[in-house]
Amino acid sequence: MKSKYYAEPFKIKMVEPIKILSEEVRLKKIEEAHYNLFYLDSEDIYIDLLSDSGTGAMSTEQWAGMMKGDEAYSGSKNYKKLVETAQKIFGYKYIQPVHQGRAAEKVVMPIFLGPGKYAISNMHFDTTRAHVEIAGARAIDCVVSDALDTETYSPFKGNMDTKKLIELIEKYRPENIGLIIMTITNNSAGGQPVSMENLKETSEIAKKYNIPLLIDAARFAENAYFIKTREKGYEDKSIREIVLEMFSYAQIFTMSSKKDAIVNMGGLIGIKDDEELYEEVKLKTIPLEGFVSYGGLAGRDLEALAIGLEEGIDINYLRYRIGQMEYLASRLDEAGIPYQYPVGGHAVFIDAKKLLPHIPYYEFPGHALAVELYKEAGIRTCDIGSYMLGNDPDTGEQLQSPFEFTRLAIPRRVYTQSHLDVVADALIAIKERAETIKGYKILWEPKILRHFTAKLKPIE
Ligand code: F0G
């Protein structure tokens, strides 16, 4: 029998109880958390969709692998297995583990970027943007305009706008562009995929101007799945073949392995073949992350990561994974709740600008909806919009994000379809009282990455 949505290709062996607090207690908790969902205790959350990062459930194989951790300071067997596995999957000669994605960015960005330089990306994730700026450079986003229209179907809304890319390179001069960064999938645009054609074209432009192309590979497997299911000529290729081709177009990648490699902690740097660059990466990794053969991780973590890389590219797993997003999206379609359409790979991005049109960007509609979901049903999500984007580093003025999303990030192999029904029902209830929802004002904020720690209050 063929079901509409591909069911879990696993059964559940261990469970973690969750509880729902009363509405009265939830209202108190969110006030005590200064209306910042990052300050909530996870125990006080019923369904946690704050992030799909590091929140996945490891498999029996991964847990068994944890027992095989070789905790030698140098040259552990798990390191060897990880390097060999990653070399095979990505086709890159040099693999450096680090403790998470931003650690990879911290090591790599200053090698390519400094004051007066620019990084151009289909869209920088917030920590990527932060590391570009910490290196002294400026981050420019260059996503296709299709991404801005959340209602119209387009198969690859994560793509780089290649015409604009050329204009930007000419404007800022090629010698000042330290990196071109392709984020796959494009998290900030809604977990939207990048096509093979676009990767190839971007790579040709990068080559022409002699600018290195870096892949931000956090969700590489989900991106490969979309290429297989949406791009002509790839229907019959395996995920493995697609991944190899995708990475062949870049010279280097940084990866948060906490997403598609289904581990709770870990990251990677991959270098295609530039030995000199690898030497530089090693030199920086040792003081920042630890010796080359562990890079901020325990031997057991390296083992789990090597296994997770393989599990993350399994076609049956990916069918179920993307099927979960499609199921949740179908419930929202029925209720007329706007989201970035078609649904992305790791999350449903609710279009809060459309759902709460009375809240202007500087009062953070995406954040307001996130607070409301907690109040409604103990669901934790986050803003991907002007609240997350923050202020202009030069003028200190609030930037206006092209999107005001509330992101419902789905952890891997964690929640069932019934949990997704709870989420859909909560959104439907909120939609009914949308016009009563208020915007937010920031009472305190740090200079960068403010959404983690800012304190807010609702505007009366
Ligand atoms: N790049 C992308 C595209 C990401 O989505 C993230 C993290 C990182 C880099 C940084 O990786 O967290 O391992 O240091 N994204 C998480 C999220 C936090 O919720 O989207 P990290």
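Predicted model: local features only at pLDDT ≥ 70, side-chain atom pairs only at ≥ 80, totals over all residues.

Me: How do you know that the length of H14 agrees with its number of residues?

Reply: H14 runs over residues 365-377, which is 13 residues. At 1.5 Å a residue the helix should span 18 Å, and its end C-alpha atoms are 18 Å apart, so the two values agree.

Me: Why is H14 called mostly covered?

Reply: A residue counts as buried when its relative accessible area is under 20%. Eleven of the 13 residues of H14 are buried. Among them are Pro365, Gly366, His367, Leu369, Glu372 and Ala377.

Me: What makes H1 roughly antiparallel to H14?

Reply: H1 and H14 pack with their axes 7 Å apart, at an angle of about 150 degrees. Angles over 145 degrees count as roughly antiparallel, so H1 is given that label relative to H14.

Me: Which residues make that contact, and how do they divide by class?

Reply: H1 brings Glu23, Arg26, Leu27, Lys29 and Ile30, while H14 brings Val371, Tyr374, Lys375, Glu376 and Ala377. By class there are five nonpolar, no polar and five charged residues.

Me: Why are H8 and H9 called roughly perpendicular?

Reply: The axes of H8 (residues 220-230) and H9 (residues 239-248) come within 9 Å and cross at roughly 110 degrees. The range for roughly perpendicular is 65 to 115 degrees, so H8 gets that description relative to H9.

Me: What residues meet there, and of which classes are they?

Reply: From H8 come Phe220, Asn223, Ala224, Tyr225, Ile227 and Lys228, and from H9 come Ile239, Ile242, Val243, Met246 and Phe247. The contact of H8 with H9 has nine nonpolar, one polar and one charged residues.

Me: Why is the phi of Tyr35 pointed out?

Reply: Most residues other than glycine have a negative phi. Tyr35 is not glycine, yet its phi is positive, near 55 degrees. Tyr35 lies in the loop between H1 (23-32) and strand S1 (47-48).

Me: Is Tyr35 buried or exposed, and how do you know?

Reply: The relative accessible area of Tyr35 is 14%. The limit for buried is under 20%, so Tyr35 is buried.

Me: What is said of Ile262, and where is it found?

Reply: Ile262 is not a glycine either, but has a positive phi of about 50 degrees. Its place is the loop between strand S7 and strand S8 (267-271).

Me: Why does Thr254 count as buried?

Reply: Thr254 has 2% relative accessibility, so it falls in the buried class, whose limit is under 20%. The residue lies in S7 (residues 252-256). Leaving aside neighbours within four places in sequence, its contacts include Ala104, Glu105, Val108, Leu214 and Leu268.

Me: What puts Ile384 in the buried class?

Reply: Ile384 has 5% relative accessibility and therefore counts as buried. This residue lies in strand S11 (residues 382-384). Not counting residues up to four places away in sequence, Ile384 touches Ser188, Phe349, Phe403, Glu404, Phe405 and Arg407.

Me: Which peptide bonds are cis, and what are their omega values?

Reply: Most peptide bonds are trans. A cis bond joins Ile184 and Thr185, with omega about -20 degrees. The bond from Tyr341 to Pro342 is also cis, with omega near 0 degrees.

Me: Where are Thr185 and Pro342?

Reply: Thr185 is in the loop between strand S5 (177-183) and helix H7 (196-209). Pro342 is in the loop between helix H12 (315-335) and strand S9 (347-351).

Me: How is the chain divided, and how many residues of domain 1 and domain 2 are in contact?

Reply: Domain 1 covers 23-52 + 315-458, and domain 2 covers 60-311. Their C-alpha centres lie 25 Å apart. Contact needs heavy atoms within 4.5 Å, and 33 residues of domain 1 are in contact with 39 residues of domain 2.

Terms used:
Residues numbered from 1 in each chain as written. Heavy atoms only, no water. Helix = DSSP H or I, 4+ residues; strand = E, 2+ residues; numbered from the N terminus. Expected span 1.5 Å × (residues − 1). Buried < 20%, exposed > 50% of the residue type's maximum accessible area, 1.4 Å probe, protein only. Axes fitted to C-alpha atoms, helices over the stretch in contact; angles between N-to-C directions. Parallel < 35°, antiparallel > 145°, perpendicular 65-115°, else oblique. Nonpolar A, V, L, I, M, F, W, Y, C, P; charged D, E, K, R; others polar. Domains from an automatic or database assignment.
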